[in-house]
Amino acid sequence: RQELKVNISETKRSYPIIIANNISSQIGSLISDCYRGNKVLLLSDANVSGLYGAGIVSSLEKAGYQVLEYIIPAGEKSKSYHYLRKGYDLLVDNNFNRDNLIIALGGGVVGDLAGFLAATFMRGIPFVQLPTSLLAQVDSSVGGKTAINHPAGKNMIGAFYQPEMVVIDPVFLKTLVPREFKTGMAEIIKHGLIADQGLADYLFERSKNVFKLEKDELSHIIYRSCQIKAAIVMEDEKEKGKRALLNYGHTIGHALEAVTAYKKYNHGEAVAIGMLGAVRLANSLGLLEKSDLQFTEELIRLYDLPLGHQEDPEAIFTALFRDKKVKNDSLRWVLIDRIGNAFIREGIDHSLIKRILEGLL
Ligand code: NAD
Ligand code: ZN
C-alpha cells in the first residue's frame with residue numbers, strides 16, 4: 001500500500017491519497033478515519049454502479065454506515081445542472097447536513113459532479129474520491145477542481161474544493177475499455193513530459209507491462225502521476241501560476257475537441273495530438289532537441305494514441321482563441337525544453353502555429 005499526503009497551504013488542509021490493489025473493499029473502515037457521521041451518499045454512474053456498487057455498499061454497511069445511492073447515467077452529459085439539482089433534492093429529502101459525507105465512485109464525470117455537489121451543499125460537506133477510471137485515478141480525483149458543464153462551455157460552473165481522502169484501487173481498471181484506459185495514459189505521459197524524465201523513461205521502457213494490470217508497473221505509474229500532480233497543486237491550488245503547466249498539450253487538445261464537438265476524439269486522444277504539436281512547436285523555436293521530439297512521438301505511438309488529425313487547420317486555429325483560458329487574445333503555450341521541464345511561453349508567431357497545425361494533418 002502506497003500513500004501520499006496532499007497539503008494545501010492556503011486553506012491549511014491536508015488529505016491522503018491511498019493506492020493499493022483491492023483497497024476499495026476496505027472503504028468502510030478507511031473512511032472512519034476521517035468521518036464521524038453515520039450517513040453516506042454514494043454517487044456513481046450506471047456502468048460503475050452495476051459493476052462495483054454492491055461491493056462498496058456492503059463494505060460501507062459493514063462498517064455501520066447508512067448508504068443512500070445516487071446513480072446518474074454514464075457520460076459527460078450527466079455533468080449538468082439537472083443532475084446537480086437532483087443531488088441537492090436527495091440530500092435535502094434525506095436530511096443530510098454538514099456532518100454527512102458524499103463518496104464519488106466513478107470516473108471524472110462522477111468525481112467532478114459529486115465534488116461540486118459537496119462543495120456547494122450547505123456551503124460545503126465532506127467528500128471522498130473513489131476514482132474508477134484511469135483518468136480519474138491519475139488526474140481528475142487529485143487537485144480539487146470540481147465542476148459541472150454549462151451549454152456555453154465545459155466546466156463553466158465550478159469550485160476548488162478538496163476531498164477528505166482519495167482511495168485508488170487499480171483493480172477497478174480491469175473492466176475499463178481499452179480506449180478509456182489509453183485516454184488516462186495520455187495524462188500520465190503528460191506528467192512525465194512536463195515534470196519527470198524518470199517517469200517518461202519508465203513509460204518508454206515498460207510499455208508492454210503497463211497494459212498488464214496484474215503487474216506492478218501500473219500501480220507505480222499511478223503513484224508517480226498522483227505525486228507529480230499533487231506537488232504542482234500544493235504549490236498553486238488556484239491556478240495562478242505553476243498549475244497551468246498541467247495544461248500541456250491541452251491548448252491544441254481543447255481546440256480539437258471543440259471543432260469536432262467532443263465526438264471524434266476523446267480527451268486523451270486530443271491531448272496526445274496536442275502534446276505532439278507542442279513538442280514540434282518547441283523544436284521549431286529552437287528550444288527542444290530533435291531527439292526529444294522523436295522520443296515523445298515514439299512514446300505516444302507506444303501507447304497507441306493518435307499522432308495526427310484530419311480536421312481543418314484553420315478551424316482549429318480559430319478554436320484556439322475561444323478557450324476560456326485565453327486572455328487578451330494572447331495564447332499561453334506550455335512548452336518543454338527537455339523531457340521533464342515545462343514552462344509557459346506567450347506571443348508565439350501565428351504563422352508558425354498554423355504551420356504546426358497543418359503538419360499534424
Ligand atoms: P467518465 O467519468 O465519463 O468515465 C468514462 C467511462 O468509463 C464512463 O462510461 C464510465 O461509466 C466508465 N467507467 C469508469 N470506470 C470504469 C470501470 N472501472 N470499469 C468500467 N467502466 C468504467 O470519464 P473520465 O474520462 O473518467 O473523466 C472525464 C471527465 O473528467 C470530464 O468531465 C473532464 O472534464 C473531467 N476532468 C476533471 C479534471 C479535474 O481536475 N477535476 C481533470 C481532468 C478531467
Ligand atoms: Zn486533461
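Reply: Start with β6. F127, Q129 and P131 point one way from this strand. V128 and L130 point the other way, and all are buried. Buried means under 20% relative accessible area, exposed means over 50%, and partly exposed is in between (1.4 Å probe, protein chains only). In a regular strand, side chains alternate between the two faces of the sheet. Strand β6 covers residues 127-131, and five of its five residues are buried, so the rest of the structure largely encloses it. Strands here are DSSP runs (E, at least two residues), as are helices (H or I, at least four), and both are numbered from the N terminus.

A word on the ground rules. This is a predicted model: local features need pLDDT of at least 70, side-chain atom pairs count only at pLDDT 80 or more, and totals for chains, interfaces and linings use all residues. Residues are numbered from 1 along each chain as its sequence is written, chains are lettered from A and ligands numbered from 1 in the order in which they are written, and side-chain values use heavy atoms, with hydrogens and water left out.

Now the partner. Strand β5 (residues 101-106) pairs with β6 in the parallel sense, over five bridges. Two strands pair if DSSP finds at least two bridges between them. I102 stands opposite F127, and I103 has V128 as its bridge partner.

Angles run from 0 to 180 degrees between N-to-C directions, and axes are lines fitted to C-alpha atoms, for helices over the stretch in contact.

Strands β7 (residues 145-150) and β8 (residues 153-160) run antiparallel and are joined by five bridges. They form a hairpin with two residues between them. I148 stands opposite I157 in β8.

Last, the zinc ion (ligand 2). Its protein donors are E187 (OE), H250 (NE2) and H267 (NE2), 1.9 to 2.1 Å from it. Donors are N, O and S atoms within 2.8 Å of the metal (3.2 Å for Na, K and Ca), and sites may look incomplete because water is not among the atoms. E187 lies in helix α6 (residues 178-195) and H267 in helix α11 (residues 267-284), so the pair ties together parts that are 80 residues apart in sequence. E187 is buried, at 0% relative accessibility. H267 is partly exposed, at 24%. The axes of α6 and α11 come within 7 Å and cross at roughly 35 degrees.
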